[in-house]
Amino acid sequence: INKKKYKIIKNANNKLIANHLFNGKILGRCFGRMEFGARALGNRSILANPSSYETIKKINQKIKSRDFWMPFAPSVIEEEANKYFKISKGCDYTQMTVCTHSKENKSKMIPAVLHPADDTARIHLVKKSLNKEYHDLIKEFKNFSGSGILLNTSLNLHGKPIARNAIDCLEILEKSDIDGIQIENILILKKN
């Protein structure tokens, strides 16, 4: 790692990372075991503050090279889900595979994770029992923002598979304009 280009923070905790996210940084997260399934569920994700629609443009232009209309998903801690979304009993929202409507009085607070046509979202309900570290990160973000929701999209470049390990993460860091990457308890930030 070129120390002239990057700031390396060892023993980075969730409070520090949440503070960077709250202040507009777009960060990759490669933590713990990789998820198995159709979606990135926090352990191989690009995370951002969902409160500004501009976040979508930044991620699409700087990192993902996606079409503007493709929505990003919210990771929401279980205890906050009913505040922001119309949750149906009996539905499993933990795998980011079920769409639901946002509550009208909350949609303006999280525009970066809602479909622009109808304010729906394919939510990822984060239970502490399923992913304690990720749940704690979102809870720390709530301490700064008042909202227990993060924008979550897969940690990869357009057309590439999801990052598996530190080598893949460093490639994303080098080949995109992402602000930084968390690899386990190390946070690597680009210097301005």
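Colleague: Across which strands does helix α1 lie, and at what angle does it run to β10?

Modeller: In this predicted model, local features need pLDDT of at least 70 and side-chain atom pairs count only at pLDDT 80 or more, while totals for chains, interfaces and linings use all residues. Residues are numbered from 1 along each chain as its sequence is written, and side-chain values use heavy atoms, with hydrogens and water left out. Helix α1 (residues 14–22) lies across β1, β2, β3, β8, β9 and β10, helices (H or I, at least four residues) and strands (E, at least two) being DSSP runs numbered from the N terminus. With axes fitted to C-alpha atoms, for helices over the stretch in contact (heavy atoms within 4.5 Å), and angles taken from 0 to 180 degrees between N-to-C directions, α1 runs to β10 at about 25°.

Colleague: What angle does helix α4 make with β8?

Modeller: Helix α4 (residues 132–145) packs on the sheet and touches β2, β3, β4, β7 and β8. Its direction makes with that of β8 an angle of about 130°.

Colleague: In what order do the eight strands form the open sheet?

Modeller: Strands pair if DSSP finds at least two bridges between them, and the pairing here is mixed. The edge strands, each pairing on one side only, are β1 (6–9) and β7 (124–126). The order is β1-β10-β9-β2-β3-β8-β4-β7.

Colleague: Which residue in β9 stands opposite C30?

Modeller: Strands β2 (residues 27–30) and β9 (residues 180–183) run parallel and are joined by four bridges. Opposite C30 stands I183.
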